[in-house]
Amino acid sequence: MFVLGKWQLNCSRILEREDCVAVKGTCSCLGRQCLVGRCFFRRTATGGIKVSVQAIERRSAARPGVPPGVENRCQEFKILVVDDSPIYRKLVDQSLSKDHYLVLFAKNGREALAVFAEHRPALIITDWTMPDIGGPELCQRIRREFQDQYAYLILLTSNSTKEQIIEGLAAGADDYLTKPFHPGELVARVGVGRRVIELHRQIEAKNRQLEELALTDPLTGLPNRRAIDIWASRQFSAAARHDFPIWVVMADLDHFKRINDTFGHDAGDEVLKGFSGVLKANTRQSNMCGRLGGEEFLLILTHVDRKQAEIPVERIRQRFEMHEFSFEGKTAVVTASFGVAGFRGSAPSEFSSLLSRADAALYAAKGKGRNRVEFDDGVV
């Protein structure tokens, strides 16, 4: 930690740059993040550190002529510059300074991998020839070791032969630039990389949204049957492997058709959403609840015995029974019946088998007057 008057910097990484030390930290008085390689602490002749408060203040304050939204978007786009030459690191830094990107630096391939793992930059500009890990090998390792994130890779090389360009692109690079490079061309190629990265981010966001929609019941917001099957298959395998009990609870709203026939389907939807709210509010994060379809719902409980499993199910039944719905000026009370089946053993049980047993217990609850909880006769 560096302290100078009201300035206090918590330094998580120090990078050598000729006679300077570039520090990434947070200023305690302004609460703004300093850019790596942009806040300089000059070495003194005795080896100490001389801090320039004015330099920090200029980097921490908003930049004139740059709208805050644009600056924030630029700082969100991190660029890692990898080169063993301090001169080329400085040239790249100066070329990108007008666009106010958050620029990180590494002197070699090993340091680049460590910085990438910590900060996950969106774009990497790397030299071809370095003392430990060369540019092509660095591209290969990033593609192999960080498959969960796509990064745009630009190779800097002094050799412009077609064979070397092909080798670099085959190693995983997206683009290349020959040394000495024109600053404008570097900025333009970084701009291309940024557009590609933003497109990737949009596609990933859309894919996440589509995946969520595919696993969610649109009316209640609960997991649907597909999501339940995926979750249950993992839990049943874990239950058999680690020998813990698992319970499947089927719930069905009593006389639900009567609600639809009397008050309409919109009223029926409100009842379904009301029950889903009670169900979700009384389900622990370690357990699972969802909608099977129609007026049927499912709850899966783990790591509890029969007596402990009965408590939350009975609580859900009672709280839903106390819930009053108002339709067309009339008050309606709806109840639900529950069937429970459990499993514990070293041989994994089929989810469909336990579901059938829970359904049979539910049928028994309906036959005994509804608005009750019935357990399957199987021993757990």
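## Close-up views of a predicted chain

**Figure 1. Overview of the chain.** The chain contains 12 helices and 18 strands, where helices (H or I, at least four residues) and strands (E, at least two) are DSSP runs numbered from the N terminus. This is a predicted model, in which local features need pLDDT of at least 70 and side-chain atom pairs count only at pLDDT 80 or more, while totals for chains, interfaces and linings use all residues. Residues are numbered from 1 along each chain as its sequence is written, and side-chain values use heavy atoms, with hydrogens and water left out. Of the 380 residues, 47% are buried (under 20% relative accessible area, 1.4 Å probe, protein chains only). Among contacts (heavy atoms within 4.5 Å) between residues at least 6 apart in sequence, 62% join residues at least 24 apart.

**Figure 2. Packing of helix α3 on helix α7.** Helix α3 (residues 86-96) packs against helix α7 (residues 183-214) at an angle of about 70°, and their axes lie 9 Å apart. Axes are lines fitted to C-alpha atoms, for helices over the stretch in contact, and angles run from 0 to 180 degrees between N-to-C directions. The angle makes α3 roughly perpendicular to α7 (65 to 115 degrees). V92, S95 and L96 of α3 meet P183, L186, V187 and V190 of α7 in this contact. These residues comprise 6 nonpolar, 1 polar and no charged; Ala, Val, Leu, Ile, Met, Phe, Trp, Tyr, Cys and Pro count as nonpolar, Asp, Glu, Lys and Arg as charged, and the others, Gly among them, as polar.

**Figure 3. An open sheet with parallel pairing.** Its 5 strands follow the order β8-β7-β9-β10-β11; two strands pair if DSSP finds at least two bridges between them. β8 (102-106) and β11 (175-178) stand at the edges with a single partner strand each, so one side of each has no neighbour in the sheet. The twist from one strand to the next averages 20°. Strands β7 (residues 78-82) and β9 (residues 123-127) pair in the parallel sense over 4 bridges, and L80 has I124 in β9 as its bridge partner. Helix α5 (residues 135-145) packs on the sheet and touches β7, β9 and β10 (152-157).

**Figure 4. An open sheet with mixed pairing.** This sheet of 5 strands has the order β13-β14-β12-β17-β18. β13 (288-293) and β18 (373-375) stand at the edges. β13 and β14 (residues 296-302) pair in the antiparallel sense over 5 bridges, with M288 opposite I300 in β14. Helix α12 (residues 351-367) packs on the sheet, and its direction makes about 140° with that of β17 (336-343).

Technical notes
Parallel < 35°, antiparallel > 145°, perpendicular 65-115°, else oblique. Buried < 20%, exposed > 50% of the residue type's maximum accessible area, 1.4 Å probe, protein only.
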